[in-house]
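Visitor: Please put the model on the screen. I would like to ask what stands behind the terms used for it.

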Amino acid sequence: MTASDEAHMAHALALAARGLGRTWPNPAVGCVILREGRILGRGWTQPGGRPHAERRALDQAGDARGATAYVTLEPCAHHGQTPPCAGTLIAAGVTRVITALTDPDPRVSGKGHAMLRAAGVTVTENILSEQATQLNAGFLKRVTQGLPFVTLKLATTIDGRIATASGESRWITGPQARRFVHGLRLSHDAVMVGSGTARADDPDMTARDIGATHQPVRVLLDRALSHRPDSRLGQTARTHPVWVIHAADAPAQARQAWQDTGARLLPCPLAQGHLDLTAALKILAAEGLTRILSEGGGSIAAALIAAGLVDDLIHLTAGKLIGADGTPALGPLTLPRLADAPAFRLRARQALGPDALTHWTRI
């Protein structure tokens with residue numbers, strides 16, 4: 001591995017990140033093709049998962065004979081809706097392929113690398129693998145565990161409150177923090193809230209004011225379908241997708257009313273009288289979702305944490321105090337000992353105007 005290899009792979013990873021939130025169920029992949037130090041072509045996985053990054057980069061390169069391809073994930077080796085990318089690179093005359101990760105998908109999992117080597121292509125693996133693992137954590141978790149990667153977003157006062165005693169919550173954080181959240185939504189396949197937050201806030205859950213050209217799936221967890229079909233979610237379900245996770249025994253009239261909005265209804269098993277969140281996330285993963293941003297409320301947030309389902313936590317803190325009569329960001333976790341508290345490792349911190357952002361990863 002050389003410094004040049006790392007630099008070109010970092011370029012490919014930056015390209016791959018452009019696809020986050022848009023390529024599911026496929027991974028977000030980036031590819032850079034060079035010959036004699038000159039970039040011939042570059043590409044990233046397109047919306048819906050195709051064309052693949054390698055195909056895009058080769059089309060831009062034109063003549064790639066004798067070139068080196070930097071790819072953030074092992075090129076696929078199976079025939080799906082497109083030919084295998086490993087074969088496409090071979091046919092283009094690429095003589096060296098450098099990858100960041102082996103694809104854990106059983107249809108690939110080393111077969112792409114083997115196909116390249118069998119054709120005489122020099123293959124170098126695991127360049128910037130840690131960064132590539134973080135980038136495609138959602139795809140990797142879905143393939144290996146049948147679950148999506150879950151980011152929990154909390155926006156609170158210094159004392160951890162999300163609303164006053166009267167229920168007022170707009171706006172705790174400032175415009176820079178809210179703009180950041182809209183960008184965060186775009187980098188996830190779906191945004192998820194519980195029925196309590198939906199009833200209290202009537203949220204739209206779209207990415208706004210940042211020039212968005214697509215919208216994430218909006219997921220509502222609503223055991224009895226108690227949220228109004230004429231809400232903002234229901235009124236926009238035909239233009240931006242809404243998926244509602246509900247209990248199988250939800251009232252038939254409510255099911256029909258939500259179906260009439262154009263929303264997609266997904267029944268889910270119960271656990272102790274509530275939606276089984278592990279089952280709910282497995283249902284969403286089976287539908288192809290790899291990255292989900294949970295935006296509340298406190299009960300759902302606490303339940304996700306207690307079940308060990310939160311992978312990353314984004315905490316936006318405003319320089320305000322509400323006091324004990326305000327609404328806490330988390331519902332009860334019923335921890336008997338401090339040693340039982342779920343632990344997270346700090347990954348990053350930054351200022352967003354008057355507010356503070358901290359990014360945590362589950363230990």
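Guide: Start with Thr-23, which is in contact with Ala-28, Thr-45, Gln-46, Gly-48 and Gly-49 when its neighbours within four places in sequence are left aside. The model is predicted, so local features need pLDDT of at least 70 and side-chain atom pairs count only at pLDDT 80 or more, while totals for chains, interfaces and linings use all residues. Residues are numbered from 1 along each chain as its sequence is written, and side-chain values use heavy atoms, with hydrogens and water left out.

Visitor: What makes Ala-28 a contact of Thr-23?

Guide: Contact means heavy atoms within 4.5 Å. Ala-28 meets that cut-off with Thr-23.

Visitor: Why is Thr-23 called buried?

Guide: Its relative accessible area is 4%. Buried means under 20%, exposed over 50% and partly exposed in between, with a 1.4 Å probe and protein chains only. At 4%, Thr-23 is therefore buried.

Visitor: What makes the pairing of Thr-23 with the backbone oxygen of Pro-27 a polar contact?

Guide: A polar atom of the Thr-23 side chain lies 3.4 Å from that oxygen. A polar contact is a pair of N or O atoms within 3.5 Å; within protein, one must be able to donate a hydrogen and the other to accept it, and residues adjacent in sequence count only if both atoms are side-chain atoms. The 3.4 Å distance is within the limit.

Visitor: Where in the chain is Thr-23?

Guide: Thr-23 is in the loop between helix 1 (3–17) and strand 1 (30–35). Helices (H or I, at least four residues) and strands (E, at least two) are DSSP runs, numbered from the N terminus. Pro-25 is found in that loop between helix 1 and strand 1 too, and the peptide bond from Trp-24 to Pro-25 is cis, with omega near 5°.

Visitor: How many cavities of 30 Å³ or more does a search of the whole structure find?

Guide: The search finds 1. The largest cavity holds about 60 Å³ of space and is lined by 15 residues, with Thr-23 among those nearest its centre.

Visitor: What makes one space a cavity and another a pocket?

Guide: On a 1 Å grid over the protein atoms alone, a cavity is a set of points where a 1.4 Å probe fits but cannot get out; a pocket is an open set with protein on both sides within 12 Å along at least five of seven lines; lining residues have an atom within 4 Å of a point. Grid points are joined across faces, edges and corners, and a volume is the space filled by probe spheres set on the points. On those terms the largest pocket has a volume of about 880 Å³. Its lining has 36 residues, those closest to the centre including Lys-153, Asp-201 and Thr-197. Helix 7 gives the most to that lining, with 5 residues.

Visitor: How do you know that Thr-197 is buried or exposed?

Guide: Thr-197 has 17% relative accessibility, so it counts as buried. Thr-197 sits in helix 8 and touches Asp-202, Pro-203, Gly-296 and Gly-297, not counting residues up to four places away in sequence.

Visitor: How do the residues lining the largest pocket divide by class?

Guide: There are 17 nonpolar, 10 polar and 9 charged residues. Ala, Val, Leu, Ile, Met, Phe, Trp, Tyr, Cys and Pro count as nonpolar, Asp, Glu, Lys and Arg as charged, and the others, Gly among them, as polar. Lys-153 and Asp-201, both close to the centre, are therefore charged by this rule.

Visitor: What makes a set of residues a nonpolar core?

Guide: A nonpolar core is a set of buried Ala, Val, Leu, Ile, Met, Phe, Trp, Tyr and Cys residues joined through side-chain atoms within 4.5 Å. The largest one has 39 residues, and Met-9, Ile-33, Ala-69 and Val-97 have the most contacts inside it. Helix 1 gives the most to this core, with 5 residues. A second, separate core of 30 residues includes Val-150, Leu-152, Ala-301 and Val-310.

Visitor: Which residues does Met-9 touch?

Guide: Among them are Tyr-70, Ile-98, Ile-127 and Leu-128, not counting residues up to four places away in sequence. Leu-128 has a positive phi of about 55° although it is not a glycine, and lies in the loop between strand 5 (122–124) and helix 5.

Visitor: Why does Leu-128 count as buried?

Guide: Its relative accessibility is 14%, so it falls in the buried class.
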